[in-house]
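Me: Could you take a close look at the contact between the two chains, and then tell me about the chain that one side of it belongs to?

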Amino acid sequence: MWAVSAKEVRKTYPNGVKALQGVSLDVQKGEIFGVLGPNGAGKTTFLNIIATLLIPDAGGDVEILGQSVLRQPKAARHRMNLCSGNANFAWSLTIRENLRFYAMLYGLKNPQRERKIDELISVFSLGSYADRRFDEVSTGTKQRMALAKSMINDPELLLLDEPTVGMDPDISLKVRHHILDYQKQTGCTVLVTTHYMPEAQMLCGRVAFVRDGQILALGTPAELQTKLNAKDMEGVFLELAK
Amino acid sequence: MIQRIMAFAYRDWLFARRNIFSVVEMLFWPIVGMLSIGLMGNFLKLTRDQQAFILTGAIALGTLQVTQLDVAYALLHDIWSKSVKHTFLTPTGVVEYLIGPWLIGIVRGTVVFSLLSGFSMYGFRFYLPGVVPTLVLLSGLFLTALLMGGLVSILVLQYGQKAEISAWTFAYLFILVAGIYYPATQLPSFFYHVALLIPLTYFLDYFRTFYGTSAHLSDPLLKGYGLLAVTIIGMFIGLKMSLSRARRTGVLLRLSE
């Protein structure tokens with residue numbers, strides 16, 4: 001069984017923009033898979049469809065761990081979570097209260113719930129900020145809270161949408177290490193979108209390059225570099241984005 | 001489901017506790033409304049029953065407005081904090097999404113009702129006709145608040161943030177047509193027939209029979225609760241459909257930006 005299996009996924013927005021034009025993709029369980037591409041390529045649309053936040057056009061479907069996002073969305077939501085760049089949560093709630101709110105939404109009960117919150121606060125070095133309001137902490141802290149939130153239900157599928165966008169290089173590096181550590185510990189599947197190639201190189205076992213709502217290339221970073229005669233992923237990006 | 005209802009109640013409680021506007025909503029406007037009506041009644045030298053009749057409108061309006069705001073705020077708070085997508089990424093359904101904040105709304109509405117009734121008894125010879133009629137009126141107000149808050153959420157999902165103004169206007173429109181300071185029979189014919197479709201009309205009419213004046217609608221409680229059941233079920237179905245449409249059109253994501 002695939003962690004993610006997308007078949008002929010198309011999405012046309014009401015304004016006529018064709019964001020996805022027949023994307024088919026299989027992601028293995030336990031891999032970190034990157035969806036790369038320039039701005040407006042359709043990466044986030046694809047991720048949002050997997051996250052059940054967007055319904056694709058008729059004809060296509062996505063299965064998450066064997067469950068269709070169209071026919072069994074609620075069951076699928078229990079098994080995944082999402083972290084996106086530019087983290088936004090309830091401003092007047094503290095970091096701990098925000099995490100508690102989402103933990104309750106995923107059905108976690110005490111004492112397991114508070115244990116999980118404490119664990120995530122510790123893993124993401126949020127201890128000094130846990131009781132500060134969300135609008136009082138720095139962008140980096142907000143992003144770490146977003147990552148903590150995305151792991152609150154121990155997802156089997158973790159969706160990361162530009163997880164380090166707008167972050168300082170040192171914080172970005174820490175976040176990537178968090179992602180790698182978490183994946184190693186839990187064995188979950190990670191699907192990450194990024195247009196930052198060093199991130200893809202560091203995190204992803206396989207990548208798909210998307211442009212104009214279509215997959216142009218798919219393989220390991222090394223395979224793509226060889227195929228396109230590029231010395232690194234930046235070169236792959238420049239070649240495919242032409 | 002209980003956990004998710006408690007989650008939304010917990011979040012709404014924290015919002016209410018930390019927001020100075022929630023205190024203004026609970027105290028300032030309802031008390032201004034009650035005082036102005038009470039003083040007008042004194043000036044017009046109304047009988048005690050007439051005074052109680054019109055004060056019922058002011059008390060009901062304050063209670064309804066505060067309770068329905070909590071329900072409407074469920075979605076509005078998510079929009080204001082741009083976290084709509086994170087909420088609907090979870091296995092949350094529309095029922096728990098509204099019921100959680102509604103429970104806090106009931107607490108706040110009960111406080112408003114008690115304060116306004118207490119002040120009115122002290123200052124304007126107001127009296128409550130008994131425990132049962134009072135509980136019946138409160139149940140009608142609280143269930144109508146759930147209905148109105150849900151309708152606000154549907155409008156916001158359909159038309160985006162510009163529809164949020166409905167959160168502050170719906171209570172006034174509903175109660176104006178349901179008969180705020182007058183029996184529904186005083187309304188022009190068209191609006192009288194609209195009033196018959198609003199559950200609150202029947203609860204106000206039932207309650208006011210104890211003050212000797214009403215539109216004397218037949219079977220008010222049967223019709224009031226029956227209409228509430230039908231409209232609330234319809235509202236939840238409508239909200240579910242609106243949410244599905246918002247997922248299809250991308251509105252749900254736009255509300256997170």
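Reply: Happy to, and please keep in mind that this is a predicted model. The contact draws 25 residues from chain A and 26 residues from chain B. On the side of chain A that touches chain B, the elements giving two or more residues are helix 2 (73-78) and helix 3 (95-105) of chain A. Helix 3 of chain A supplies the largest share of that side, five residues. Sorted by class, the side of chain A that touches chain B holds 16 nonpolar, five polar and four charged residues.

Now for the chain behind that surface. Chain A contains nine helices and ten strands. Its radius of gyration is 18 Å, close to the 18 Å that the globule rule gives for 242 residues, so chain A is as compact as a globular protein of that length. The C-alpha trace of chain A spans about 50 × 40 × 35 Å along its principal axes, and 47% of the 242 residues in chain A are buried. Of the contacts in chain A between residues at least 6 apart in sequence, 68% join residues at least 24 apart.

Then there is the sheet. Six strands of chain A make an open sheet in the order 6-7-8-3-9-10, with mixed pairing. Strand 6 (80-84) and strand 10 (214-219) of chain A are at the edges with a single partner strand each, so one side of each has no neighbour in the sheet. On average, neighbouring strands of this sheet are turned by 15° against each other, direction ignored. Within chain A, strand 3 (residues 32-36) and strand 9 (residues 206-211) run parallel and are joined by four bridges; A:Val35 stands opposite A:Ala208 in strand 9 of chain A.

Methods: Residues numbered from 1 in each chain as written. Chains lettered and ligands numbered in written order. Predicted model: local features only at pLDDT ≥ 70, side-chain atom pairs only at ≥ 80, totals over all residues. Contact = placed C-beta atoms within 7 Å. Nonpolar A, V, L, I, M, F, W, Y, C, P; charged D, E, K, R; others polar. Rg over C-alpha atoms; globule rule 2.2 N^0.38 Å. Buried ≥ 20, exposed ≤ 12 C-beta atoms within 10 Å, placed from the backbone. Pairing = 2+ DSSP bridges. Axes fitted to C-alpha atoms, helices over the stretch in contact; angles between N-to-C directions.
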